[in-house]
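Me: I have a protein structure open and would like to learn to read it. Can we go through it step by step?

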Amino acid sequence: MPLTFVDKKKHWPPPKPVQYLLAILVLCAAVAILAGWLYVRFIYTEPAGTDTSDNTTQTETELPDASYCLIVIEDAGYERFALIKADPLGESVSVMALSPSTETDNGTLAHVLQKHGAARVTQTVASHLNIPVTNFLSFSIADVQNLFTKLGENLQCTLTEEVTYRDENGAIVRLTADKRALTPKQITAVLRHTEWKAEENSTNVAADLSAALINQCLRPKRSLKGYFELLSNTAHTNLRIDHYNAYLSGWEHLASVNDGDLAKRVEWITHP
């Protein structure tokens, strides 16, 4: 009987059924690995674009520091002064009335104004209050009437006392002490009024009118550049377009938070 040798090693590839079974097992393993990776990726990893560090980059516009501007009514015998502090970071506008009889190292404010002008009285106020006031808006009473005439709207303002005056026809007009819409001519009459029962009401009138104007006009969707141009063309001022550009972001922010009562008259303004 001839000898034959049988190869007892298993041949590769295995039979078809075994191949199918192995393929299914490999596919299941791959799916399981993918599912596990996705679970770890989306459950335990921060979402894309999230920065959990303390050094998050600030993309918001940087707001300017507080600034100051002196409002001056320059007519002799009717001098009025109001100091405005605009603070975008504090989201406030403060208006302080200054009496024309305030005594300084250079004399009263009224004296300094009539002898040296608005620029010098601004320097005097800055020195007297130790506040960095450099800008001013100075108006005659006629300028004020012209300003509100060009503005094209009456001023919503509260009078602290009744004001009586005669109009251009000689008729007596009484403005009661309450909130009312003042026409340009009525604003002029209020500034020329001298028979105040309380001296502080005479002192405060320019500050009250300034605060009312800011509350009415410093609002979203109002033309801040248009108002700046109107003020520049109406008042005697040292404000220029570079001042406007430098502080525009501050005024825009204040306008965005103004609910109609942003500007308030205060008894004293301090510099931080």
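This is a predicted model: local features need pLDDT of at least 70, side-chain atom pairs count only at pLDDT 80 or more; totals for chains, interfaces and linings use all residues.

Me: Which strands sit at the edges of the open sheet?
Reply: Six strands form this sheet, in the order S11-S6-S1-S2-S3-S12, with mixed pairing. An edge strand here pairs on one side only. The edge strands are S11 (236-237) and S12.

Me: How many bridges join S2 and S3?
Reply: S3 covers residues 92-98. It pairs with S2 in the antiparallel sense. The number of bridges is seven.

Me: Which residue in S3 stands opposite Asp87?
Reply: S2 spans 80-87, and S2 and S3 are paired antiparallel. Opposite Asp87 stands Ser92.

Me: What distance separates the end C-alpha atoms of helix H3?
Reply: H3 has 12 residues, 118-129. At 1.5 Å a residue, the helix should span 16 Å, so the model can be checked against that value. The two agree: the end C-alpha atoms are apart by 16 Å.

Me: Which residues of H3 are buried?
Reply: An α-helix has 3.6 residues a turn, so residues three or four places apart point the same way. Keep that in mind when reading the list. The buried residues of H3 are Ala118, Val121, Thr122, Thr124, Val125, Ala126 and Leu129.

Me: Is Thr124 buried or exposed?
Reply: Thr124 is found in helix H3. Its relative accessibility is 5%. Buried means under 20%, so Thr124 counts as buried.

Me: Which residues is Thr124 in contact with, leaving aside its neighbours within four places in sequence?
Reply: Thr124 belongs to H3. With the sequence neighbours within four places left out, its contacts are Thr104, Asn106, Leu109 and Val112.

Me: Is Asn130 buried or exposed?
Reply: The relative accessible area of Asn130 is 67%. Exposed means over 50%, so Asn130 is exposed.

Me: Where does Lys221 lie?
Reply: Lys221 is a residue other than glycine with a positive phi, near 70 degrees. It is exposed, with a relative accessible area of 89%. Its place is the loop between H6 and H7.

Me: Which residues lie nearest the centre of the largest pocket?
Reply: This pocket has a volume of about 940 Å³. Its lining holds 34 residues. Nearest the centre are Ile84, Leu137, Leu231, Leu239 and Trp251.

Me: Which element gives the largest share of the lining of the largest pocket?
Reply: Strands and helices both contribute: among the elements giving two or more residues are S1 (67-73), S6 (135-139), H4 (141-151) and H8 (241-257). The largest share is six residues, and it comes from H6.

Me: How many residues in the lining of the largest pocket are nonpolar?
Reply: The lining also includes four polar residues and one charged residue. The nonpolar residues number 29.

Me: How many residues in the lining of the second largest pocket are charged?
Reply: The second largest pocket has a volume of about 350 Å³, and 16 residues line it. H6 supplies the largest share, five residues. The lining divides into four nonpolar residues, six polar ones and, for the charged, six.

Me: What is the volume of the largest cavity?
Reply: The count of cavities of 30 Å³ or more comes to one. Its lining includes Cys157, Thr158, Trp196 and Asp208. The volume is about 50 Å³.

Me: Which element gives the most to the lining of the largest cavity?
Reply: Two elements give two or more residues, S7 and H6. The greatest contribution is four residues, from H6.

Me: Which side chains of S7 point to one face and are buried?
Reply: The side chains alternate along S7.

Me: Which residue in S10 stands opposite Leu155?
Reply: S10 covers residues 179-182. S7 and S10 run antiparallel and are joined by four bridges. Opposite Leu155 stands Leu182.

Key
Residues are numbered from 1 along each chain as its sequence is written. Side-chain values use heavy atoms; hydrogens and water are left out. The expected span of a helix is 1.5 Å times one less than its number of residues. Buried means under 20% relative accessible area, exposed over 50%, partly exposed in between (1.4 Å probe, protein chains only). On a 1 Å grid over the protein atoms alone, a cavity is a set of points where a 1.4 Å probe fits but cannot get out, and a pocket is an open set with protein on both sides within 12 Å along at least five of seven lines; lining residues have an atom within 4 Å of a point. Grid points are joined across faces, edges and corners, and a volume is the space filled by probe spheres set on the points. Ala, Val, Leu, Ile, Met, Phe, Trp, Tyr, Cys and Pro count as nonpolar, Asp, Glu, Lys and Arg as charged, and the others, Gly among them, as polar. Two strands pair if DSSP finds at least two bridges between them. Contact means heavy atoms within 4.5 Å.
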